[in-house]
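Trainee: I am new to this structure. Can we go through it step by step?

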Amino acid sequence: MALALAMDCFAVSVASGIIFKRVVWRPMLLMAFSFGLFQALNPLLGWVGTHYFRDAIESFDHWLAFAILAFIGGRMVVESFKDDEHKSFNPRSYKVIFTLAIATSIDALAVGVSFSCMGYGSASSLFYPLVVIGVVSFLLSLLGLGIGLCFGKGIARRLKAELLGGVILVGIGFKVLLEHLME
């Protein structure tokens, strides 16, 4: 389960690594930490919300994730066609990092709902699964950033990195939407 949740973080991290082009520790570590934190916190919020807002969360979480990812991805695609001096999308921006962290973890709310259905009766019983989810997401995010940095240089020469990253984000948004609509 932790691996499945972390795959969105991994894909976004690869795209971000391509855009970074070189190691920039502060935003890269912040991105990996944020992805891990939000992937761990959202199942807890889903578990808590099950008792109060179950129907409301399930009815729109996939639409919200899709809208955020499609907006950010679409913006990246548009930015990829602008001259370097006119670009405004910055994956080093804290606002962008936190928006991506939230967008990639919204579907984890449903995992919290499933935790409730599986009989996790207290927040303390969720400690181990949430730590595993957070650590796996953090590590896969770092791995994705590294892969994007290493292999992205060749890709970036042939393909605009922001275009690739934007397409990946929109694709993840469609994946989240389709997964929930097919249930």
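Mentor: Start with one residue. The model is predicted. Glu 179 has a relative accessible area of 39%.

Trainee: Is Glu 179 buried, partly exposed or exposed?

Mentor: Buried means under 20%, and exposed means over 50%. Glu 179 has 39% relative accessibility. That value lies in between, so Glu 179 counts as partly exposed.

Trainee: Which residue does Glu 179 meet in a salt bridge?

Mentor: The side chains meet at 3.4 Å, N to O. The cut-off is 4 Å, so the pair qualifies. The partner is Lys 175.

Trainee: Are Lys 175 and Asp 8 buried, partly exposed or exposed?

Mentor: Lys 175 has a relative accessible area of 33%, so it is partly exposed. Asp 8 has 3%, which is under 20%. Asp 8 therefore counts as buried.

Trainee: What accessible area does the nonpolar surface patch have together?

Mentor: Phe 127, in helix α5 (residues 127-158), belongs to the patch. Phe 127 is exposed, at 59%. Tyr 128, Val 131, Val 135 and Leu 139 complete the patch. Together they have about 540 Å².

Key. Residues are numbered from 1 along each chain as its sequence is written. This is a predicted model: local features need pLDDT of at least 70, side-chain atom pairs count only at pLDDT 80 or more; totals for chains, interfaces and linings use all residues. Side-chain values use heavy atoms; hydrogens and water are left out. Patches are made of residues with over 30% relative accessible area and no salt bridge: like charges are joined within 9 Å, nonpolar side chains (Val, Leu, Ile, Met, Phe, Trp, Tyr) within 5 Å. Accessible areas come from the Shrake-Rupley method with a 1.4 Å probe; for residues, only the protein chains shown count as cover. Helices (H or I, at least four residues) and strands (E, at least two) are DSSP runs, numbered from the N terminus. Buried means under 20% relative accessible area, exposed over 50%, partly exposed in between (1.4 Å probe, protein chains only).
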